[in-house]
Protein chains: 2
Amino acid sequence: MSLLVVGSMAFDSIKSPFGAVERVVGGSATYFSLAASYLTPVRLVSVVGKDFPREVIDMLASRSIDTKGLKIAGGETFRWKGYYEYDLNTAHTVKTELNVFRDFAPVLPKEYRNSPYVFLGNIDPRLQMDILSQVRGPRLVALDTMNYWIENSPAPLREAIGKVDIVIFNESEIREISGEYNLVKAARTVRGWGPSRIVIKRGEYGVLHLSDGTMFAAPGYPLETIFDPTGAGDSFAGGFMGYLASRGTADPTDMDYRLATMYGSAIASYTVEAFSTERLQNLSTEDIAERVDAFRALTEFRV
Amino acid sequence: MSLLVVGSMAFDSIKSPFGAVERVVGGSATYFSLAASYLTPVRLVSVVGKDFPREVIDMLASRSIDTKGLKIAGGETFRWKGYYEYDLNTAHTVKTELNVFRDFAPVLPKEYRNSPYVFLGNIDPRLQMDILSQVRGPRLVALDTMNYWIENSPAPLREAIGKVDIVIFNESEIREISGEYNLVKAARTVRGWGPSRIVIKRGEYGVLHLSDGTMFAAPGYPLETIFDPTGAGDSFAGGFMGYLASRGTADPTDMDYRLATMYGSAIASYTVEAFSTERLQNLSTEDIAERVDAFRALTEFRV
């Protein structure tokens, strides 16, 4: 079933201990859409400038990604410049240029308004709420955010969180927003604001999933070659929501959520094997199934 | 089957964000022995001073722990003073007083020399080798170490590692000794020196187990209450080796190693719920089985 995503599309300049790239295609909605497109039809809502390569938009549209909601504005595409040290879990931002993203105020195409699954990528929480209000009775809504909004727009962010089913954080974000260091307590605090499920991303340590009465922990896949962690979290979210949308139920089971977590983890584990979307956009469904199976082999035990 | 452990017994003074204790019983061999004693008979080799409480030795001896190899020397017991900040994964040492441990040069009791399972706790690698040379044809030998020996006795440590089957490291230790940041590569480097299996402890993120052709990852158990991580690693090692010794085979299967990892993780998850050995020494086999089962529920998924 259709999965609506709103988020950024960008040019990234990245340095990691394993190389550097200038002005490559990035952005949360880009990674998310590509990852989800292996599992379900995607409806993309974002904005780029006239400098954004037409062939990338064509590449997205050639998959199961509807680009009707992608606005091409006058001006330059959003840019992010950052670097990683050996600890690939922490991205250091050098520069952010909002450009066309500054005036981003999307009106959803009519066909998007019945989207049953919605992912509100990391943007201004006021925009997240505005977009959500344009969707009629979605089955499942997830929200991502970042420390910038936690620090600068705490009240709107908390209001937005109150309107969704699932929030995706990294460890430092949920600690900051909840004021609780312990993750079990932090997740309970945020669940108290409305969402029934919290997904905590822990970089190479994997994912911790907390909801009422059940917890699920998935490790990161121990890779020998990690070039660039950019987009890992968004790829994870895309695989996670893509799997849930592919199931099509309004009330996924605990096992649906677990498998969604593993599909997200599998796809993200490929994303980091190359810079930009190079590896992510060249996967096969067999690659993904193989990695999900490798995760099973990595974690299973029988008493 | 019998499991020989050599390591420290100590008085610890610890501060964590959740409280502070002065001069409580600690030491790697203490935690290890208690943890392993739930699963297999233990033979303890260590040294304490006359100031060490007799009732603690009696408590150990009242379990399946043979204390014939525990020397009570003139002088004071080894002391460690340290603290933890909110990041409970990192212990900060304030002071170490070796005391009776300075002249520790154990001669194994005759009955210990046929021990089929051996754990060489974190002590001078020359001593680890000396003790190992006193054991006749052990089935399985594991070694623990720390950054102090990696930095100050690299050649003897590497020689000791060459004589064992399993090495237990934390992440920073294996990175330091191998010169490789990537854990998959680091483990391969150390396996090149002799051991067939590497177990990497990652604090609250769990354990990563690497050997030829197989990997196993177990998360830490998401606990709401962690008082004191002291002894978690040694409790893990005790449960891990205790389980392998209880199986009694010279060549454990991959599943034996996985279950050993889960028993170690289960016992360690209790240790941190209280200061010192308070929780660890008051477990039931049902508590342990219950936590192993909770770990299964935490990690399992079916495609």
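Helix α3(B) covers residues 125-133 and helix α5(B) covers residues 154-161; the two pack at an angle of about 30°, with their axes 8 Å apart. Axes here are lines fitted to C-alpha atoms, for helices over the stretch in contact, and angles run from 0 to 180 degrees between N-to-C directions. Helices (H or I, at least four residues) and strands (E, at least two) are DSSP runs, numbered from the N terminus. The crossing of α3(B) over α5(B) is left-handed, a term that applies if the near helix is turned anticlockwise from the far one by less than a right angle (right-handed if clockwise). On the α3(B) side, P125(B), R126(B), Q128(B) and M129(B) meet P156(B), L157(B), E159(B) and A160(B) of α5(B). Two residues are in contact if their C-beta atoms, placed from the backbone, lie within 7 Å.

This is a predicted model, in which local features need pLDDT of at least 70 and side-chain atom pairs count only at pLDDT 80 or more, while totals for chains, interfaces and linings use all residues. Residues are numbered from 1 along each chain as its sequence is written, and chains are lettered from A and ligands numbered from 1 in the order in which they are written.

The axes of α6(A) and α7(A), the latter made of residues 183-191, come within 9 Å and cross at roughly 60°. That angle makes α6(A) oblique to α7(A). The crossing of α6(A) over α7(A) is left-handed. Residues E171(A), I174(A), R175(A), I177(A) and S178(A) of α6(A) meet L183(A), A186(A), A187(A), T189(A) and V190(A) of α7(A).

Chain A also holds an open sheet of nine strands with mixed pairing, in the order β5-β4-β1-β8-β9-β10-β11-β12-β13. Two strands pair if DSSP finds at least two bridges between them. The edge strands are β5 (65-73) and β13 (214-218) of chain A, each of which pairs on one side only. From one strand to the next the twist averages 15°.

| Strand pair | Sense | Bridges |
|---|---|---|
| β9(A) and β10(A) | parallel | three |
| β10(A) and β11(A) | parallel | five |
| β12(A) and β13(A) | antiparallel | five |

A142(A) stands opposite I166(A) in β10(A), and D144(A) has I168(A) as its bridge partner in β10(A). On the β11(A) side, V167(A) is partnered by I198(A). L210(A) stands opposite M215(A) in β13(A). The hairpin of β12(A) and β13(A) has two residues between the strands, and G213(A) takes a positive phi near 80° there.

Strand β10(A) is largely enclosed by the rest of the structure, because five of its five residues are buried. A residue is buried if 20 or more other C-beta atoms lie within 10 Å of its own, exposed if 12 or fewer, and partly exposed in between; C-beta atoms are placed from the backbone. Both faces of β10(A) are covered, with I166(A), I168(A) and N170(A) buried on one side and V167(A) and F169(A) buried on the other.

By contrast, E85(B) is exposed, with 12 other C-beta atoms within 10 Å. E85(B) lies in the loop between β6 (78-83) and β7 (92-97) of chain B. In sequence E85(B) and F18(B) are 67 residues apart, and in space they are 9.6 Å apart, C-alpha to C-alpha.

The last topic is how the two chains meet. A rotation of 180° with 0.0 Å of shift along its axis superposes chain B on chain A, with an RMSD of 0.0 Å. The two copies are thus related as by a two-fold rotation axis. Copies are superposed by least squares on the C-alpha atoms of residues with pLDDT of at least 70 in both. Between the chains, 29 residues of chain B are in contact with 29 residues of chain A. On the chain B side, α7 (183-191), β13 (214-218), α9 (254-271) and α10 (285-299) each supply at least two residues. Helix α10(B) gives the most to this side, with five residues. The copies meet through the same surface, because 100% of the interface residues of chain B are also interface residues in chain A.

Definitions and conventions
Parallel < 35°, antiparallel > 145°, perpendicular 65-115°, else oblique.
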